[in-house]
Amino acid sequence: MLSDVTLDLPVRPVLPALVAALDAAGAGVLVAPPGTGKTTLAPLAVADRVTGRVVIAQPRRVAARAAARRMAELLGERVGERVGYAVRGERRVSAATRVEVVTTGLLVRRLHHDPELPGTGAVLLDECHERQLDADLALAFTVEARATLRPDLWLLAMSATPDTDRFAALLGGPAPAPVVRAESALHPVRRIWAPPPRPVAPPGAGPVDRALLDHVAATVRRALREHDGDVLVFLPGAGEIAAVTGRLADLRDSVALLPLHGRQRGAEQDAALRPADRRRVVLATALAETSLTVPGVRVVVDAGLSRVPRVDLARGLGALITVPVSRAAATQRAGRAGREAPGSVYRCWSAATHERLPARPEPEIATADLTGFALELAAWGQPDGVGLALPDPPPAAAMAVARETLTTLGAVNADGRITGRGRAIAAAGAHPRLARALLDGAGRVGADRAAEVVALLAEESAAGPGDDLVAGWRRLRTGVDPGATARWRAEVRRLRAALPAGSTPGGRADDDRIGRSGGPGGGGRTGSGGLTDDLAAGLLVGLAYPERLARVRRPGGSAYLMTGGTAAELAAGSGLVGADWLAVAVADRTPGAPSARIRRATPVDEATAREAAGPLVSTRREVGWSGGDVVAREVTRLGAIELQERRLDRPERAEVAEALLTGLRQEGLGLLSWTPAARALRERLAFGRHHLGADWPDVSDEALLATAPTWLGPELAGARRRADLARVDVASALRRLLPWKQAAQLDELAPERIEVPSGSRIRVDYSDPAAPVLAVKLQETFGWPAAPRIGAGRVPVLLHLLSPAGRPVAVTADLASFWRTGYPQVRGELRGRYPRHPWPEDPSTATPTRRATPRRR
C-alpha cells in the first residue's frame with residue numbers, strides 16, 4: 001500500500017528500519033515529531049508486511065476520522081475501501097479494508113470481546129504519550145494479549161515525544177522493544193513572545209479571565225496583519241472558543257472563523273480540516289495538538305491554557321480545571337505552524353513564564369475519576385492492575401473510591417472481581433453509573449426514555465445552555481440544534497441496542513422515531529411506568545448519582561443539601577430555583593468553596609428521590625446532645641437529608657447518659673453547679689496530686705471529663721436532661737475519685753481549715769495547688785514561731801497577714817524571719833492607725849487575740 005503513495009514525508013526513510021524491527025521483535029516504538037507523517041505512512045508500511053488488518057488506535061474520534069480520510073486521499077480512494085474507520089456510533093469499512101482507524105476506547109471494547117483480535121495482524125497505538133485512560137488500558141491489554149494469545153501480533157507504540165524508555169520497556173519482553181526515531185524535517189517556526197499588557201488572573205476552576213480572551217483576540221488580529229496563511233488558535237474549551245470568535249466577528253467578511261472541538265458533530269469538525277476559499281482562523285482545543293493536520297496553517301496563536309479533569313474524591317464531584325499548558329504541549333502546538341512551510345507561533349506568555357511551566361502534562365490516570373477504569377480492569381481479570389503493562393499504577397485513594405462505587409453498583413464482589421451484573425454494565429459502553437441507570441431504569445421508565453436520558457447524561461454538552469436537564473432533552477427532541485440532535489440520536493440507538501432483549505420500549509417501538517416525539521412539555525407526558533418525563537429524567541439521574549439528590553434548605557431558595565452531605569447552590573436566575581427536590585446530574589466545586597455549583601439538574605419529588613436512592617434511606621433512633629440539651633428522636637433520612645422525625649418519650653437510660661457525657665465534653669464542666677464546697681474540694685485534690693504524687697486523682701478539666709462515667713456514674717444514670725446536671729452534688733461525686741487511703745488522709749494532709757494561735761479556724765485557699773494560702777489577721781498569729789506546714793510537713797503555708805481592717809500588710813512563708821525584720825516596720829506604720837489593737841514589740845511571745853481593746857468610757 002505504501003508503494004501507492006508518492007508523498008515524501010520525513011518519516012518515510014525510517015519505515016524500512018521500522019518494519020524490520022517489528023519483523024524481528026514483534027513490537028517496537030516509533031518516535032516522530034508532529035507533521036512527519038507517522039500517523040498516515042506507518043500504517044500503510046505495516047499493512048504491506050502483515051496478512052491481517054492493521055488497526056491503528058487514536059485517542060479522539062475527530063483524529064480517527066481525519067487520519068482515515070488522509071490515508072484514503074493518499075491512496076486515491078474513498079474512506080471505507082482499503083482504509084476505513086470506526087468510532088462510537090459510526091463505522092465505515094468493507095471487506096477490502098486493510099487499515100482501520102479506531103478510537104482507543106473502541107479497541108478496549110474489542111479486546112474485551114475477544115482478546116485474540118482475530119483477523120488483525122498489527123495494532124498501532126498512536127499518540128500514546130498523551131496518556132489518556134483508554135490509551136493506557138489499550139496498551140496494557142494488547143501487551144498481555146500478545147504475550148499470552150497472539151505472539152504473532154505486531155504491536156507498535158507511536159509517540160511524538162522523545163521520552164520513550166518507559167514504552168519500550170512495557171512493550172518488550174526480557175529486553176526493551178526496539179525504538180526507531182524519525183528526524184524532524186519540519187519547517188522552522190519562529191517564536192514570538194506576546195504576553196498580555198497587564199497581569200491577568202491565574203487559571204483555575206472558574207472562568208478564564210476576560211482580559212486574557214481580549215488579548216488572544218488582539219493577538220489573532222496582529223497575526224493576520226503580520227503574516228500570510230491560515231491561523232490556528234489554541235484555547236482551553238468550547239466556551240473560550242465561542243468568546244474569542246465573538247470578539248472577531250467583524251472579520252467574517254474576509255476571514256472564515258471555524259471552531260474545532262470535541263462537542264461538534266463530525267461534519268463540523270471535518271469542515272475545519274478542509275481548505276476554504278478564503279483565509280481561515282481555526283479556533284481549537286487541545287485535540288488539534290497532535291494527529292490532526294489543519295491544512296494551510298502558517299501561524300499558531302497559543303493562549304497557553306489546557307483543561308484537565310479533577311475529581312473531589314471525598315464528595316464524588318468532578319470538575320474541569322484550567323491549567324497552564326506544559327512545555328511539551330506548547331512545543332506540539334507550535335509545530336502545527338511548520339507542517340507545510342516556515343511559520344510563526346505567538347505565545348501569549350513571556351519567555352520567563354515558559355521556563356516555569358511543567359515539563360509535560362499530568363497523565364489522566366493521576367487526576368481523573370477511575371470508576372470506569374477500575375471496571376475495565378475487573379472485566380479483564382486484573383482488578384488492581386498488578387502485572388499489567390500500565391505506564392503508571394493507579395493512585396490507591398482513587399482506586400479505593402472507584403472500587404467502593406462499583407461494589408455499591410453490584411458490579412464487583414468483595415474481592416474486586418467482576419460480577420455478572422458488572423459485565424452487563426461494562427457491555428453498555430458507558431460510564432458505570434450511567435450504565436446502571438440505563439439497565440435499572442429501563443424497566444421503570446421504558447427503554448426508549450432510559451436510553452434518551454442516559455445519552456444526554458453521557459454527552460452533557462449536547463443539552464445546550466442552561467441548567468435545566470429536561471429543557472435540554474426537549475431541545476434535542478425537537479431538533480433545535482440539528483447537529484447535536486443527530487449525535488444524540490446515534491448514541492440513543494447504541495444504548496437502546498445495548499439493553500437486554502425484551503426491554504419495555506416506553507411507548508415508541510419504532511427505532512426511527514427515537515428523539516422525534518414531542519418534547520416533555522413541562523413534564524406533562526407520561527410514559528412507561530406512569531412517570532412524567534420530568535420524573536423519569538429525575539429517576540434516571542438519581543439512579544446514576546444517588547448521592548446528588550438534593551433538597552432545598554429553605555423554601556423558595558437556591559441553596560440545597562445533597563444526600564452525600566455536600567452543600568450545593570443554583571446559579572443566580574436559574575429557572576430551577578424554588579424546586580423542593582432536585583436530581584443533580586452535573587455539579588462541581590471549586591477548591592475551598594463552601595458549596596458546589598449545580599450545573600445541570602431536574603426537579604423531582606420526594607417519592608422519586610426515595611425510589612432512586614432506596615439504599616440511602618435509613619431510620620434510626622438518635623439520642624444525643626443538640627442545641628444545648630438532650631434530644632431523643634427517631635429520624636428517617638435519605639443520606640444526609642432528614643425526611644422526618646418523631647420524639648422518643650422513653651429513651652434508654654444508657655443512651656441518655658452518653659448524650660449527657662457528650663454535652664459535658666462539648667460545653668464543659670460548667671454544666672455542673674460548682675458550689676464553694678465543690679470548688680474547694682477540687683482544689684484540695686489538685687494540691688494532693690501536685691505535692692503528694694500520682695496516687696491522688698487528676699482533677700484537671702481534661703481528666704474529669706475523661707473519667708466522668710466513673711465519678712458521675714450514679715448521677716448520670718438518673719439524669720434525663722441538662723437541668724438534672726445542675727442539681728448534681730458535685731462535692732460528693734468528686735469524693736468517688738479518692739482511693740480509700742487518700743480519703744482517710746485528706747483532712748490531715750490537705751486540711752480544709754487550720755487553727756491559728758487565737759483559736760480561730762481559718763479556711764486554706766488551695767486555688768494555687770503549688771502554694772496554699774492562709775489569709776489571717778496579724779494579731780491572731782502572735783505567739784506562732786513559724787508558719788504551719790501541710791502535706792505531711794512538706795509544704796509551708798503561705799501566710800497573707802492582714803491588718804485589723806482585713807487589708808494585706810505582708811506575705812510570707814517564713815514567719816520567724818518576718819517577726820525579726822518585717823514586723824517592726826509594719827508595727828511602726830500601723831499602731832498609730834489602729835491604736836485599739838495590740839502591737840507588742842515581741843510578737844513571737846505575745847498573746848494572740850481576735851478582738852480590739854474596749855474603748856474607755
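## Basis of the description

Residues are numbered from 1 along each chain as its sequence is written, and side-chain values use heavy atoms, with hydrogens and water left out. Because the model is predicted, local features need pLDDT of at least 70 and side-chain atom pairs count only at pLDDT 80 or more, while totals for chains, interfaces and linings use all residues.

Helices (H or I, at least four residues) and strands (E, at least two) are DSSP runs, numbered from the N terminus. Two strands pair if DSSP finds at least two bridges between them.

Eight strands form an open sheet in the order 4-3-5-2-6-7-1-8, and their pairing is mixed. Strand 4 (90–92) and strand 8 (179–181) stand at the edges; each has a single partner strand, so one side of each is left without a neighbour in the sheet. From one strand to the next, the twist averages 20 degrees.

Helix 3 (residues 61–75) lies across strand 2 (53–58), strand 3, strand 4 and strand 5 (99–103), and runs at about 170 degrees to strand 3. Such angles run from 0 to 180 degrees between N-to-C directions, and axes are lines fitted to C-alpha atoms, for helices over the stretch in contact.

## Helices 4 and 5

Helix 4 (residues 104–113) and helix 5 (residues 133–148) have axes that come within 8 Å and cross at roughly 35 degrees. The crossing is left-handed, that is, the near helix is turned anticlockwise from the far one by less than a right angle.

Contact means heavy atoms within 4.5 Å. On the side of helix 4, the residues include Leu107, Val108 and Leu111, and those of helix 5 include Leu137, Ala138 and Phe141. The residues of this contact divide into eight nonpolar, four polar and one charged; Ala, Val, Leu, Ile, Met, Phe, Trp, Tyr, Cys and Pro count as nonpolar, Asp, Glu, Lys and Arg as charged, and the others, Gly among them, as polar.

Strand 17 (residues 549–552) pairs with strand 18 (residues 559–562) in the antiparallel sense over three bridges, with valine 552 opposite tyrosine 560. Six residues separate the two strands of this hairpin, and glycine 556 in the turn has a positive phi of about 80 degrees.

Strand 18 also runs antiparallel to strand 19 (residues 567–569), joined by three bridges, and alanine 559 stands opposite glutamate 569. In this hairpin four residues lie between the strands, and glycine 565 in the turn has a positive phi of about 100 degrees.
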